[in-house]
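Morning, everyone. Please put the model up on the screen, and we will walk through it.

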Amino acid sequence: MKIKSMATAAVMTALTCIFGPLSIPIGPIPFSLAPLCIMISVYVLGMKRGTLATALYLLIGLTGIPVFSGFTGGPAKLFGPTGGYLVGYILLAAIAGYFIERFPGRYLRQFAGMSLGMAVLYALGTLWLAYSAGMTAGAAFAAGVAPFLLPDLLKIALSIAVGAQVRQRLLAAGVAV
């Protein structure tokens, strides 16, 4: 991995660590900016490096550094009600990154891929929330997905708009990975 590539991945991980804790508690699952940062990271870094940056973010949080929503961290957060969503970030990054790389400049297909990644994240998170909190699947969906559908669609659109611009400027500057 080139130094420019490592530095860009580190910057994107740092941005996720900075914006990830900023959240609004609206029930057992808070509204967080982490998915937006992850999707922009994948757009800028590509599938492999974006997924690696996401895994690094989770490892930083696993050590106890408060980078998760509400300035929390540690193993208890990964094994608590939000753990499925946190682990789902890796799948979101991989799936979104695949579509971004496979369909450059095809924003509707990228939007579809990011939506698919978000749906997989929702499924994993909902199943874990239902299990860990002793909820029905319907109650877990109502608490962990329904309130986030519209905001997450907006995050996807924003990540495409911002990610495309950032990537284009990094390419022009000779810094793109």
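First, a term. Buried means under 20% relative accessible area, exposed means over 50%, and partly exposed is in between, with a 1.4 Å probe and protein chains only. This is a predicted model, where local features need pLDDT of at least 70, side-chain atom pairs count only at pLDDT 80 or more, and totals for chains, interfaces and linings use all residues. Residues are numbered from 1 along each chain as its sequence is written, and side-chain values use heavy atoms, leaving out hydrogens and water.

Let's start with charge. Side chains of opposite charge can pair when their charged atoms come close. A salt bridge here is a side-chain nitrogen of Lys or Arg within 4 Å of a carboxyl oxygen of Asp or Glu. The structure has one. Asp152 pairs with Lys155, with 3.1 Å between the closest N and O atoms. Both sit in helix H8, residues 149-172, three residues apart, or about one turn of the helix. Helices are DSSP runs of H or I with at least four residues, strands are E runs of at least two, and numbering starts at the N terminus. Buried or exposed, this Asp152? Buried, at 5% relative accessible area. Lys155 is buried too, at 6%.

Next, cysteines. A disulfide is a pair of cysteine sulfur atoms within 2.5 Å. By that rule, the count is zero. Cys17 is buried at 15%, and Cys37 is buried at 10%.

Now the inside. Rolling a probe the size of a water molecule over the atoms shows where empty space is left. A cavity is a set of points, on a 1 Å grid over the protein atoms alone, where a 1.4 Å probe fits but cannot get out; lining residues have an atom within 4 Å of a point. The search finds one cavity of 30 Å³ or more. The largest cavity holds about 230 Å³ of space, the volume being that filled by probe spheres set on the points, which are joined across faces, edges and corners. Its lining has 21 residues, and Ile29, Pro30, Ser32, Tyr85 and Tyr89 lie nearest the centre. Elements giving two or more lining residues include strand E2 (31-32), helix H2 (34-45) and H8. H5 gives the largest share, three residues.

Last, helix H1, residues 3-19, which contains Ile18. Ile18 is exposed, at 52%.

Key. On a 1 Å grid over the protein atoms alone, a cavity is a set of points where a 1.4 Å probe fits but cannot get out, and a pocket is an open set with protein on both sides within 12 Å along at least five of seven lines; lining residues have an atom within 4 Å of a point.
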